[in-house]
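Me: Could you take a close look at the aromatic rings in this model for me? I would like to know how they pair up and where the partners sit.

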Amino acid sequence: MKQYIVDAFTEQIFHGNPAAICILDQWLPEELMMNITRENNLSETAFAVKNGDRYHLRWFTPGGEIDLCGHATLACAFVLLNFYENNASRIIFDTMSGELTVVKKEDLYEMDFPAYQLKPVPVTEAMIDAIGAVPKEAYMGRDLLCVFEDAETIRSMQPDQDKLLKLDGLLLQVTARGTDTDCISRSFAPKCNVPEDPVCGSGHCHIVPYWAQQLKKNEIIAYQASRRGGTLYCKLEGERVKLAGKAALYSVGELAVDAQV
């Protein structure tokens with residue numbers, strides 16, 4: 001079984017967010033998919049099976065299956081459009097979050113994702129203690145979104161991973177106004193056994209709606225300030241977020257797991 005590793009939201013390897021992609025003829029046992037995911041030890045391994053003119057896509061972190069992942073969706077579309085569906089410019093996925101479409105536009109892969117509804121929540125001492133900085137605002141969607149005054153706070157942040165486990169929300173998204181981009185952010189996911197997600201697509205389904213409202217514009221250029229770094233070209237359209245980025249192929253390998261199926 002072939003496995004591709006693709007760096008998403010970047011045009012050069014060793015940057016962006018790496019995802020492992022397995023294109024299957026049929027589903028593997030869930031335990032085997034989890035074992036492959038843990039063996040890869042990346043923030044995300046995605047598995048896809050073709051169904052008619054579309055693909056069924058599932059995402060796994062080392063901590064288990066999740067409902068939405070941007071960078072692994074982009075990486076999977078990159079693999080399909082470059083190695084499996086060479087004459088196509090669009091891929092439709094069926095997922096836990098419904099139908100997701102990825103369109104190739106020159107060197108960008110544009111994803112159409114649902115926006116999370118953000119509910120304001122109080123900034124608590126537990127948040128401050130876990131993050132090590134004081135947010136000016138906090139919101140809850142699937143994830144906890146904390147907003148800060150300046151970009152340097154985001155860049156220098158070193159949250160306590162054990163204390164993050166006790167906060168509400170699946171991931172912690174932190175964001176501030178950017179200097180060279182509209183916004184800057186980082187994503188922490190200890191509940192998924194991922195201390196920091198290098199570039200989080202689903203996190204920007206929280207971040208983009210917030211900044212679109214704050215900046216009074218629908219097109220947002222976002223930078224994720226992890227060690228690897230990555231850029232997302234985003235657009236809010238009603239209750240949907242379009243996330244576009246580039247991708248770079250790192251490796252193509254053969255998994256010796258057939259005997260375990």
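Reply: Happy to! A residue counts as buried when its relative accessible area is under 20%, and as partly exposed between that and 50%. Please keep in mind that this is a predicted model.

Searching the whole structure turns up seven aromatic pairs. One of them joins Y4 and F83, whose ring centres are 5.1 Å apart with 35° between the planes, a tilted arrangement. Y4 belongs to strand β1 (residues 2-8) and F83 to helix α2 (residues 70-84), so this pair ties together parts that lie 79 residues apart in sequence. What about the surroundings of the two partners? Y4 has a relative accessibility of 4%, so Y4 is buried, whereas F83, at 37%, is partly exposed.

Now for another pair, Y139 and Y210. Here the centres are 5.5 Å apart and the planes meet at 55°, so this pair is tilted. Y139 sits in strand β10 (residues 137-140) and Y210 in helix α6 (residues 204-215), so the contact links parts 71 residues apart in sequence. Y139 is buried at 13% relative accessibility, and Y210 is buried too, at 2%.

Finally, a ring with a charge for a neighbour: R58 places its charged end over the ring of W27, 5.3 Å from the ring centre.

Note on methods
Residues numbered from 1 in each chain as written. Predicted model: local features only at pLDDT ≥ 70, side-chain atom pairs only at ≥ 80, totals over all residues. Heavy atoms only, no water. Phe/Tyr/Trp six-rings, centres within 6.5 Å; stacked < 30°, edge-to-face > 60°. Helix = DSSP H or I, 4+ residues; strand = E, 2+ residues; numbered from the N terminus. Buried < 20%, exposed > 50% of the residue type's maximum accessible area, 1.4 Å probe, protein only. Lys NZ or Arg CZ within 6 Å of the ring centre and 35° of its normal.
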